[in-house]
Structures are given as structure tokens and as C-alpha cells.
Amino acid sequence: MANFILRKAEPRDVPDILRLIKELAKFEEMEEQVVLTETELLQDGFGEQPFYHCIMAEVPEDRRSSDGHTVVGFAMYYFTYDPWIGKMLYLEDFYVMKEYRGYGIGTEIFRTLSETAVKSRCSGMHFIVAEWNKPSIDFYKRRGASDLSHEEGWRLFEIDKEYLLKMSAK
Amino acid sequence: MDYTIRVATLEDCKDIYRMIMVSRCGDRRVAQGGTCSVCARRTHGHSELAKHEKVSDQVKIAQRDLEQDGFSKNPFFQSIIAEVPEQHRSKDGHSKVGYALYFFAYSSWKGRSVYMEDLYVMPEYRGKGIGKALMSKIAQLGLAAGCNQLNFAVLNWNKESMDFYLSQGCWDVTTGLDYHCMRCEGPALEALARGDPKN
């Protein structure tokens, strides 16, 4: 089954985008953390100034999944900025449904992303990976990615809304 | 000391660029109050540092890139400036003494978020609440734009900064969730785009 296409996401893909976000979060054992809604995804991805972009992987009708889906994988990304080297592409989510793995879909999505990065004159592509996710780390390292947390000691920090409100009031 | 925090304009790029170059020089040693391992100076704030081979090797962008990328129709980043009045200008005559550079990002779990890429205050202006005020402004602007979280990265040896952030209610995603920051750039990125066979 090498038959699949990759295409840019359209507004009609929003339900599949949310479905796949939740499937990936489930894999990371974080399903209850997904509070994003289809309405927000629609506004944020397809409004005047999109906050994100998506690539969708689709198989033909005769290869539908057991639950009847033809959209079987996706990548969500956006552009960021490094004051030393300029524009970067940040890969937020990258997922292929289990039954469709091993057919080169992930490889082709990743290649398309890097092509997008190069065409948009980005200096690099970056993303985060969980330390325990060895198959993904191997996938990325085989393709030339370096682990900045390990090599340079970077730690990612986060401030949630509650503290943002406190900080902005000071 | 009096200071103002405001949104940066195109005219501020010269100072933002100056501070980007200085803030990158020998980060480790500056934080510990020692001698810079890159330029062997104890104090910073001199634009000559930018000419130092090691620093200028690593900074690939020019002032005009900042101008294009931050101040055209579709900006790739936003920035804010901390400014002091005339009477408090630095020894070199600068009144723009701190900056923060940020952009809007997206969490597939929570939606709109803001990423703080750079936060810097010139050494002689530290300890006056300017850093905190810059971060507070980003929080305000982020919330106004509908963001639910603020993310940023800190180097693991920078204990002073980590302690400050933790005291403000931040949490360490890397140790908390075992997340690692990864990057693919330069020749590896180009090879990937071409679809070269994997190692």
C-alpha cells in the first residue's frame, strides 16, 4: 500500500485534524490535556492570519480505515524566529495512524516539511520529542536532527494562563 | 530608576541588533560575573564585540534581516523595548537598555500560545525590575491576543534565571515531561528536503 497523497489542509479537514491531535495525545498519555475545539482550530488555522499550517496524508477510498477515515496522518507546523539565524519552521505535531505506518507516509511528510522550510528560506526545523520515545528519536536522528537539550542543555519552560494573568497584572 | 516598556518600531532595529550581538557573547561567563570566554572582557556593552570572530561567525543575520522579518506585512516576530530617560543613558549613550523578542505559536492541545525567544537587559540596568516588566508586557500582549500559555527555553546551568522563572509560577517542561528540544538545520535540512537516503 504505497498509495497516498499529501496535501495542504483545508477548512473541511478540521474534524480530522482534531481527531488526529487527540490520537497523538493519547499515544503520549496526555489525552485529557487537549482542550482545543474544532471552532478554535477553524478560526486559528483558516482566518486572516493563521497561527498554524497543516499537511494532511490521505489514502484512496478503497483503503479507508476500519472506522471509515481516508485522512490517516498529518503534521502541524508554524514559523518561528531565532535572532541569530533567522526564520525557523517549528513542527508542533506529526502523526500517522498505526495501521498506516511502515509505508513511507511519515518519511514523505517529513521530507515535504523540510522542503517547505528550505523554500521559505528557513535556517532550520525544530521540534520537541519525549525522551522515552526512542522510535521517534531514532527517526529524527537518522535524518540529521540533533538533540539540543542533551548537547546544549536547553530546558523548555511553560507558564500557564493563571500565572500569565498574575504576571500581566503586576 | 524611571523606565518605559513599549512596542518596538523599525527605528529600534539598530538597538535590538546591538543588544542581540552583545547578549550572545560568552553567556556562560557573563552570568557568573567572570571573564567572557569569547572576547576576554569582563564588562559588556561595546559594539566592537560584534566584530569578534567567534560571535560574528554564529550570528547569520544582519540588521536589515531583522527589519524585513520583524516589520513587514507578515512579521515573523514581535519585539518590545525598555527605554530610560536621557539623564540615565548608558556610558556609551544608549537609552534603549533592554528588549524582548517573541512570536505567536500554537499548541495542538491548548491553542494559541506565545513563545518568548529573547529577554535581555544591559548589565548596568539589572536589578531594577526591567526584566520582570518586559516579561509582564509579553504576558499582557499574549493574553490580549487570546493566548493560553507562554513558553521559552532556559539553559540548564542558568540557575539564577531558572529560580526566577520558577518563582513566577513557571514549570520546567523538559524535566516535568521528559521533553527534549531537537533541531534539523543546514546541510541536514537540505539533504532531507532532497530526500537523500538515510544513514
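**Reading the A–B interface and the core**

Guide: In this predicted model, a salt bridge joins the side chains of A:Asp44 and B:Arg112, with 2.7 Å from N to O.

Visitor: How many salt bridges are counted between chain A and chain B?

Guide: The count is one. Polar contacts are a separate tally: eleven residue pairs across the interface of chain A and chain B, both residues at pLDDT 80 or more. By class, the side of chain A that touches chain B holds 37 nonpolar, 15 polar and 20 charged residues.

Visitor: What area is buried between chain A and chain B?

Guide: The size of an interface is often expressed as the accessible area lost when the parts come together. Here the figure is about 7400 Å², and carbon and sulfur atoms give 61% of that area. In residues, 72 of chain A are in contact with 72 of chain B.

Visitor: Which residues touch the most other members of the largest nonpolar core?

Guide: That core has 105 residues, and the ones with the most such neighbours are A:Ile17, A:Leu41 and A:Phe110.

Visitor: Which residues does A:Ile17 touch, leaving out those up to four places away in sequence?

Guide: A:Ile17 touches A:Leu41, as well as A:Ala9, A:Tyr52, A:Cys54, A:Met56, A:Phe74 and A:Met76.

Visitor: How many helices and strands does chain B have?

Guide: Chain B has eight helices and seven strands. Of its 199 residues, 48% are buried. Among contacts in chain B with a separation of 6 or more, 58% are between residues 24 or more positions apart.

Note on methods: Residues numbered from 1 in each chain as written. Chains lettered and ligands numbered in written order. Predicted model: local features only at pLDDT ≥ 70, side-chain atom pairs only at ≥ 80, totals over all residues. Heavy atoms only, no water. Core = buried A, V, L, I, M, F, W, Y, C linked by side-chain atoms within 4.5 Å. Buried < 20%, exposed > 50% of the residue type's maximum accessible area, 1.4 Å probe, protein only. Contact = heavy atoms within 4.5 Å. Buried area = accessible area lost by both parts, 1.4 Å probe. Salt bridge = Lys/Arg side-chain N within 4 Å of Asp/Glu carboxyl O. Polar contact = N/O pair within 3.5 Å; in protein donor to acceptor, adjacent residues only side chain to side chain. Nonpolar A, V, L, I, M, F, W, Y, C, P; charged D, E, K, R; others polar. Helix = DSSP H or I, 4+ residues; strand = E, 2+ residues; numbered from the N terminus.
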